[in-house]
Amino acid sequence: MDKNIVLTKPFSLEKESDGDSDYRAPNLMKRILSLFKNVRPGSDLTRFQLPAEFNMPKSQLQCYGEEVYCGACDMLSRCNNGESPIDRFISVVAWSISTRRPVIFGVAPYNPILGETHHVSTPNLNVLLEQVSHHPPVTALHATNEKEKIETIWCSYVVPKFNGAAVEGQVHGKRELKLHNHGETYEMNAPHLMIRFLPVPSCDWVGNVHIRCPESAIEAELCYTSHTLFGFRSSRKSIKGKIIDSISTKILYEINGNWDSIVTAKDTNNGEVRVIYDAKEVISGLQTPVVKDSECVWGSESAVVWSEVSEAIMKKEWEKATEAKKCVEERQRELSRERITKGETWLPKHFTLSHSKEGGWNCFPIQNWVPPSPIQTL
């Protein structure tokens, strides 16, 4: 029997969104204020269970994955093809910016169940994600281009905090991009997601991102901001920063622009300014991945696990979505109780998980290269 597999369109630039991607329930703002009326400011929302009407038809694994495998051009190959260390570093900065995607206010992805996976291939890249911990929710990502010897490894966990007028999703965990042909590793973090309810509902990426390559001693400091005037948000989603020679502390390039449009780099030696990232070129017109062989899709795949919930949300059948979501979550609780009864310890299938020295988490892939997936991008 064929699996029920539900995939949805990736997030593109907001101005391209259409009615098919509006999954929000009616009276959304009223529902949101009601949802948080008994939540105290400063509360950690990690274990907060959202009703189905506040979900988009995607798992958090799919959202992370789309940041890597959904792009209209091959940004990772550009990183690899740079002739000099500084050329490659600038391309890595542009790739890091390209992983920021527009966010829909009022809806959130499903909190992945333990052991859930998301596995997708592009013509050049194989991407695999696994939920390696449920409490706290930790997601591991491994993406590889075996032909060009490119590899990226992410370990991500979000800590949402409620402050009364907004929820800040603090994105923790290390992200690495490895260009094996050049013997270079690029380490970076991610900005936080700020969801504001008042005075004007909005979602923005904010905060500082640090990128470093120990082999070339080049670093970048980037700052994501959203502009406000008298408390009201403008449409500008700014990014500013600099690329530095960490040995001499000399500023090599100044970064400026908007992550959802154009970002430029100014050479401090000669004043030359060039475009390093064009969001319209990279995250416009993205298409839904397709299933090439349903029999080879794993049962742990996000598009399978949440298929009934996603179908109901897309049809705006909220009672059906609620019941389907309860079934998924109750099944996870049953499996947890069974493991406790049997004295079993759950282990990830595709990654190893350990505590970092900083008190966070480290994820390491078990396989050197991610295999091709039966789910593929066009």
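This is a predicted model: local features need pLDDT of at least 70, side-chain atom pairs count only at pLDDT 80 or more; totals for chains, interfaces and linings use all residues.

Residues are numbered from 1 along each chain as its sequence is written, and side-chain values use heavy atoms, with hydrogens and water left out.

By a salt bridge I mean a side-chain nitrogen of Lys or Arg within 4 Å of a carboxyl oxygen of Asp or Glu. The count by this rule is 15 salt bridges. Helices (H or I, at least four residues) and strands (E, at least two) are DSSP runs, numbered from the N terminus. Buried means under 20% relative accessible area, exposed over 50%, and partly exposed in between, with a 1.4 Å probe and protein chains only.

Let me begin with glutamate 67 and arginine 175, whose side chains form a salt bridge at 3.8 Å, N to O. Glutamate 67 belongs to helix α2 (residues 60-69) and arginine 175 to strand β8 (residues 175-179), so this pair links distant parts of the chain, 108 residues apart. Glutamate 67 is buried at 8% relative accessible area, and arginine 175 is buried at 4%. A network of salt bridges links Glu67, Arg100 and Arg175.

Next come arginine 88 and glutamate 184, which meet in a salt bridge of 2.9 Å, N to O. Since arginine 88 lies in helix α4 (residues 85-98) and glutamate 184 in strand β9 (residues 184-188), the pair ties together parts that are 96 residues apart in sequence. Arginine 88 is buried, at 6%, as is glutamate 184, at 5%.

I turn now to a strand. How many of the 13 residues of strand β6 (residues 150-162) are buried? The number is eleven, so β6 is largely enclosed by the rest of the structure.

Two strands pair if DSSP finds at least two bridges between them. Strand β5 (residues 138-145) pairs with β6 in the antiparallel sense over seven bridges, and threonine 139 has serine 156 in β6 as its bridge partner. β6 also pairs antiparallel with β8 over five bridges. Here we return to arginine 175, the bridge partner of tryptophan 154. Finally, β6 and strand β7 (residues 166-172) pair in the antiparallel sense over six bridges. These two form a hairpin with three residues between them, and glycine 164 in the turn has a positive phi of about 105°.
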